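This briefing concerns how two protein chains meet. Please examine the sequence and the structure shown below before reading the points that follow.

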Amino acid sequence: MAIPGATAGDPPTSCDAVIIGAGVQGLALAFELAERGMTDVVVLDARFPGSGASGRNGELIRSAFASIPWIRLFDRSLRLWHDLSARLDYNVLFVGRGYTVIASTDEEMTSWGEVLSRQAAYGLRTRRVSSDEIAELVRGINTDLAVGGLHQADGGFAHHDAVVWGYARAAARAGVAIHPYTTVLDVLVEGDRARGVVTDRGTISAPIVVNAAGAQSREVAALAGVELPVRRCRLEAMVTESLMPFMDTAISAIGIHSYAHQTSRGEFVGGTELEQPDPSNSLRGTQPLLFDMAHKFSLLIPRLAGVRMVRHWAGLVSQTEDMGPVLGRVPEVEGLFLTCGWLYGFMAAPAAGDQLAETIVTGRESDLIAPFGIERLRAGELVTETSLIHRPDQARAATGDATGE
Amino acid sequence: VSGERQAAEFRRSRTVLCLCHDVTEADIADAVAEGFTDPETIKRYTAAFMGPCQGKWCARLVLDAIARHTGVPADKLRQPTTRPPVVPVRLGALAGGRRELS
């Protein structure tokens, strides 16, 4: 069973839709399909629900991005976050007390003038903040590294495990079957149509198959004969012992590739990145990142130098060349859908599930996910988004990944 | 009989297994009753194994409690992976006193 909502019974031999991956993407989609009346849905996971990146991410939530496609999708998500606990009848511990994007140089701050106008035009609750205001939002911050910023009043964070459990319970209550410890061995395609999956616990026929397999999404796509242009990379994060509340807002400092928040228990949780992505299949934390996190966070918030790190972990993502997701239908295989390639998948999950479910049920592709289809990556028509913590991937994503450990 | 049951519940609710996060025997029983049956998911639900001791104090006690409430023998339960650092370390010490960004 593993978590509430997961079933111990055998998978059925047929259903209306099979979702591969019981992470936040797969479960949000299952819940949204059930909300639209499609309840004969099976969600499969090789391990337990939420065992991959959904339980390892930084938990942050914003829609304050720089480009219109990102703003539209993530702002739909932010709206959904504010009501999610009520819709799921489960407290996902969403905290909407703000998200502050910190500029570490004057040049960086200047470059955001246009971004702020675009966000205002779209109706986002973002505003420019001075270094003094940031010092109030994050008490004790080193203003030499926080010369200004952009504050989104209704951004924030949520508890990633609670979100997985909330979606799983609500989906299961509506009739969705969640099968943990079930490995997909093959995706069945006949001609140009998806027909189902073969698992280590039997074959399931279904006219709709969704790849929500996170770090394994490239391998799952290959089972259907589809080459997914993503590369598996490792991200790392850490948590400290609890300390007195000193910041309500979630933060990211783009220039130094850092992001963090303080949990309701008082722990400081955050991650940093080096200049290059880290192609890997390992879940071990590395020494360079351990030192990088300690270094950057104790410079940015000097009080943290005296606070002890309790735990350092890693997670795996499949990232695309433009860091955006691969979302929507696969044109050459009717009935095969993707919600993969996520780097910001936790914060986007409510909207991705909602919009992909709408697309599947109505047969009309949602405007919000259309910019993120697989065709853009095949054609090299990338979506440029400049407010990401992650560095642009210099190597072409489709070159495959390192063997890892 | 109900008095004895109350006394047993009282003992379970006061039997602290994880000293870092005050996880009690009753918390483990509740987690299993809710449907959390794997040490990994009970870890995420209760925060046992994730405090400053990283399971060094509590792992045996928590795994035994999970075994009692799930009926799965403790030696069949996998203890969640221990993450670095082995003991909590101040960020300033890990940063090595560096004052500059690069």
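A salt bridge is a side-chain nitrogen of Lys or Arg lying within 4 Å of a carboxyl oxygen of Asp or Glu. The model described here is predicted. In it, 40 residues of chain A are in contact with 32 residues of chain B, and the area buried between chain A and chain B is about 3,100 Å².

**Buried area**
- Carbon and sulfur atoms give 60% of the area buried between the two chains.
- Of the area that chain A buries against chain B, 22% is supplied by His295(A), Val310(A) and Arg311(A), more than by any other three residues.

**Salt bridges and polar contacts**
- The rule finds 2 salt bridges across the interface of chain A and chain B.
- One of these joins the side chains of Arg44(B) and Asp161(A), with an N to O distance of 3.6 Å.

**The side of chain A that touches chain B**
- Helix 6 (160-173), strand 13 (231-242), helix 8 (287-300) and strand 17 (308-319) of chain A are the elements that each give two or more residues to this side.
- Helix 8 of chain A provides the largest share, 8 residues.
- By residue type, this side divides into 23 nonpolar, 8 polar and 9 charged residues.

**Strand pairing between the chains**
- Strand 17 of chain A and strand 3 (residues 89-90) of chain B run antiparallel and are joined by 2 bridges.
- Met309(A) stands opposite Val89(B), a residue in strand 3 of chain B.

How values were computed: Residues numbered from 1 in each chain as written. Chains lettered and ligands numbered in written order. Predicted model: local features only at pLDDT ≥ 70, side-chain atom pairs only at ≥ 80, totals over all residues. Heavy atoms only, no water. Contact = heavy atoms within 4.5 Å. Buried area = accessible area lost by both parts, 1.4 Å probe. Helix = DSSP H or I, 4+ residues; strand = E, 2+ residues; numbered from the N terminus. Nonpolar A, V, L, I, M, F, W, Y, C, P; charged D, E, K, R; others polar. Pairing = 2+ DSSP bridges.
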